[in-house]
Amino acid sequence: AKALTSAFLYIFLPALIVGHLAAQNLAVLFNLRFILATAALMSLIYAASFLVNRFVLRRSLGISSLAAFACSKFNAMVVGLPLLLVAIGHQAVIAVVINLIIGYFTILPITLFLLEVDRANQAGHETGYKAVILTSLRHMALDPLVIATIVGLLIAAVSIPLPGWIRESLSVLGAAAIPVPLVAVGMTIGASAMNDSIREAAWATFVRVVASPLLAIAFARLFGLSPLYSIALVISFSLPTAKMAFAVAESYGEYEEQMAQIVTMTTLALVIVYPVF
């Protein structure tokens with residue numbers, strides 16, 4: 001499963017992104033209303049979850065930020081892309097790239113920043129803001145999907161058509177971006193022990209896969225999105241919590257068990273949620 005996911009993230013998905021973006025007209029590539037709707041809804045869910053955890057449940061800054069990240073960061077690539085490709089075709093690549101960029105440049109650095117502040121407060125010394133910013137920038141700059149997006153946009157900007165054999169190669173590799181990640185996700189769903197944190201996981205799952213897509217329907221109407229981008233918005237916000245969220249929790253040694261259960265429950269819920277929405 002790890003090998004399949006790595007092949008997806010480093011080979012198949014970058015090939016799909018580069019091949020699709022390179023053939024696009026940059027003037028009509030991104031839908032401003034979809035970008036605004038996605039950023040606004042993602043920020044709203046994060047802020048609401050953070051405030052509830054911080055001021056209602058009286059949790060620490062770090063745990064509150066991780067809980068908010070679990071509710072707002074959906075699995076846009078490994079799960080979202082293949083499902084959106086089935087639903088709306090290759091326009092899904094654009095929607096997923098937008099989701100990727102917004103998540104990487106908003107809620108991810110905010111979460112890392114709050115975690116570093118909390119760690120510094122617990123240790124009793126000042127927060128190294130410069131180190132936090134550099135860590136976030138390094139994480140984004142080295143991500144293969146961000147690199148693939150930049151490469152695809154640069155090729156589209158210079159308007160140089162790719163040779164036929166390159167287009168064909170990218171197309172063949174990109175075709176694997178639908179089945180491979182879904183097989184890998186199915187293989188990695190584990191029967192994690194459900195204990196006292198089951199309520200935490202259940203509540204976060206409700207926010208992630210039920211409340212979020214319902215809000216997305218309202219936001220699609222509010223921002224006057226086209227049918228295609230309305231579908232993209234609603235399906236995107238019904239996706240399970242990204243596994244990146246567990247990796248972040250694990251690296252900071254907080255909220256690990258709850259995050260693992262949230263990822264598992266939201267992924268299992270996809271079987272019911274995706275057909276409904």
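Start by selecting Y255, in the loop between α13 (243-252) and α14; helices here are DSSP runs of H or I with at least four residues, numbered from the N terminus. Y255 has a positive phi of about 60° although it is not a glycine. For context, most residues other than glycine have a negative phi. Y255 is also buried, at a relative accessible area of 7%, where buried means under 20% relative accessible area, exposed means over 50%, and partly exposed lies in between (1.4 Å probe, protein chains only).

Before you click on: this is a predicted model, with local features needing pLDDT of at least 70 and side-chain atom pairs counting only at pLDDT 80 or more, while totals for chains, interfaces and linings use all residues. Residues are numbered from 1 along each chain as its sequence is written, and side-chain values use heavy atoms, leaving out hydrogens and water.

Now jump to S159, in the loop between α8 (144-158) and α9 (164-175). Its phi is positive too, near 55°, and S159 is not a glycine. Is S159 buried or exposed? With a relative accessible area of 58%, S159 is exposed.

A search of the whole structure finds 1 salt bridge. The pair links distant parts of the chain, with E200 in helix α11 and R59 in the loop between α2 (32-56) and α3, 141 residues apart. E200 is buried, with a relative accessible area of 16%, whereas R59 is partly exposed at 23%.

Go to N75, in the loop between α3 (61-72) and α4 (76-88). N75 counts as buried because its relative accessibility is 9%. A polar atom of the N75 side chain lies 3.2 Å from the backbone nitrogen of V78. Show the contacts (heavy atoms within 4.5 Å): not counting residues up to four places away in sequence, N75 touches G80, L239, P240, T241, A242 and K243.

Step along to L81, in helix α4. L81 is buried, with a relative accessible area of 1%. Leaving out residues up to four places away in sequence, L81 touches L13, L16, A76, A92, V93, V96 and A177.

Which residues have the most contacts inside the largest nonpolar core? They are I17, L81, L233 and V248, in a core of 85 residues. Such a core is a set of buried Ala, Val, Leu, Ile, Met, Phe, Trp, Tyr and Cys residues joined through side-chain atoms within 4.5 Å. Select L233 and, neighbours within four places aside, you'll find F34, A37, T38, A216, F219, A220 and L225 in contact with L233.

Last stop, the surface: select L214, I217, V271, I272, V276 and F277, which make a nonpolar patch of about 590 Å². Patch residues have over 30% relative accessible area and no salt bridge, with like charges joined within 9 Å and nonpolar side chains (Val, Leu, Ile, Met, Phe, Trp, Tyr) within 5 Å; areas come from the Shrake-Rupley method with a 1.4 Å probe. Helix α14 gives the most to the patch, with 3 residues. I272 lies in α14 and, at 62% relative accessibility, counts as exposed.

Key
Helices (H or I, at least four residues) and strands (E, at least two) are DSSP runs, numbered from the N terminus. A polar contact is a pair of N or O atoms within 3.5 Å; within protein, one must be able to donate a hydrogen and the other to accept it, and residues adjacent in sequence count only if both atoms are side-chain atoms. A salt bridge is a side-chain nitrogen of Lys or Arg within 4 Å of a carboxyl oxygen of Asp or Glu.
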